[in-house]
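Hi,

Here is the structure I promised to pass on. Please open it first, then read my notes below.

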Amino acid sequence: APVDLHRVVDDVIDLTMVAAQQKRLELKVDVPDQAVLALGDAEEIDRVCANLVSNAVKYTPADGSVSVSVEMAGSEHPDQVVLTVSDAGIGISQSDLERLGTEFFRSSNPAAVAQPGTGLGLAIVRRIVERHHGRLEISSELGKGSTFRVFLPAA
Ligand code: ATP
Ligand code: MG
């Protein structure tokens with residue numbers, strides 16, 4: 001069924017607001033005026049967004065910033081929409097990037113280990129994205145921040 005990514009982001013931001021405020025994080029949300037509709041399961045897409053935003057908030061030091069945006073994927077992929085969650089946080093090393101999304105994998109980066117977690121969030125994201133025949137792109141630089149882009153079929 002069509003899932004309105006605008007609604008998905010609004011709901012997740014609502015749930016994240018308090019945690020973000022406690023760390024004085026700037027939460028930037030960028031959604032277009034027109035609806036951006038993905039084809040898929042609403043609860044699963046909510047979970048994808050919630051897990052990515054939860055990580056961004058968790059792995060960004062106080063006073064940092066987190067951005068969430070949704071858009072049509074553009075002329076090269078007119079049949080896709082994209083959800084982007086990026087942070088100016090602790091970043092992920094090249095070797096960790098290769099194992100990210102493996103069940104129970106957590107970085108040994110001391111700044112990451114200090115945060116609680118089970119190492120399942122990204123494995124769940126991967127599984128859901130695969131089920132939707134979508135694609136997850138991750139780019140990151142240690143100490144600078146990370147960007148997670150989820151491409152999903154447009155409805
Ligand atoms: P949980 O199961 O509660 O989500 P988790 O956050 O540790 O636990 P994942 O969400 O799967 O597990 O993330 C795996 C690991 O990837 C994290 O432990 C962390 O080291 C790293 N990571 C994930 N997102 C980010 C991010 N935005 N910035 C830096 N490191 C990240
Ligand atoms: Mg997580």
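What follows is a summary of the fold, the sheet, the ligand shell and a few single residues.

First, the ground rules. This is a predicted model: local features need pLDDT of at least 70, side-chain atom pairs count only at pLDDT 80 or more, and totals for chains, interfaces and linings use all residues. Residues are numbered from 1 along each chain as its sequence is written, while chains are lettered from A and ligands numbered from 1 in the order in which they are written.

**Overall fold**

The protein chain has five helices and seven strands. Both kinds of element are DSSP runs, numbered from the N terminus: helices are H or I with at least four residues, strands are E with at least two. Read from the N terminus, the order is β-α-β-β-α-β-β-α-α-α-β-β. The radius of gyration is 15 Å, close to the 15 Å that the globule rule gives for 155 residues, so the chain is as compact as a globular protein of that length. That radius is taken over C-alpha atoms, and the rule is 2.2 Å times the number of residues to the power 0.38. The C-alpha atoms fill a box of roughly 40 × 30 × 25 Å along the principal axes.

Buried residues make up 32% of the 155. A residue is buried if 20 or more other C-beta atoms lie within 10 Å of its own, exposed if 12 or fewer, and partly exposed in between, with C-beta atoms placed from the backbone. Contact means C-beta atoms, placed from the backbone, within 7 Å.

**The sheet**

Five strands form an open, mixed sheet in the order S2-S4-S5-S7-S6. Strands S2 (26-30) and S6 (135-141) stand at the edges with a single partner strand each, so one side of each has no neighbour in the sheet. Neighbouring strands are turned by 10 degrees against each other on average, direction ignored. Two strands pair if DSSP finds at least two bridges between them.

S4 (65-72) and S5 (80-87) pair antiparallel over seven bridges. Met72 has Val81 in S5 as its bridge partner. S2 and S4 run parallel and are joined by five bridges. There, Lys28 has Ser67 in S4 as its bridge partner, and Asp30 stands opposite Ser69 in S4. S2 is hardly covered: of its five residues, the count of buried ones is zero.

Helix H2 lies across S4, S5 and S7 (145-153), at about 20 degrees to S5. Axes are lines fitted to C-alpha atoms, for helices over the stretch in contact, and angles run from 0 to 180 degrees between N-to-C directions.

**Ligand 1**

The shell around ligand 1 has 22 residues, of which Asn55, Tyr59, Ser107, Gly117 and Gly121 come nearest. A residue is near if its C-beta atom, placed from the backbone, lies within 6 Å. H2 (42-58) and H5 (121-131) each supply at least two residues of the shell. By class, the shell has ten nonpolar, ten polar and two charged residues. Ala, Val, Leu, Ile, Met, Phe, Trp, Tyr, Cys and Pro count as nonpolar, Asp, Glu, Lys and Arg as charged, and the others, Gly among them, as polar.

**Single residues**

Leu100 lies in the loop between H3 (94-99) and H4 (110-113). Leu100 is buried, with 20 other C-beta atoms within 10 Å. Not counting residues up to four places away in sequence, Leu100 touches Ile92, Phe105, Leu122 and Ile138. Leu100 and Ile138 are 38 residues apart in sequence, and 9.3 Å apart C-alpha to C-alpha.

Two backbone angles deserve a look. Most residues other than glycine have a negative phi. Arg24, in the loop between H1 (5-22) and S2, has a positive phi of about 55 degrees. Arg24 counts as exposed, with 9 C-beta neighbours inside 10 Å. His133, in the loop between H5 and S6, has a positive phi near 55 degrees. His133 also counts as exposed, with 12 C-beta neighbours inside 10 Å.

Best wishes

Methods
Two residues are in contact if their C-beta atoms, placed from the backbone, lie within 7 Å.
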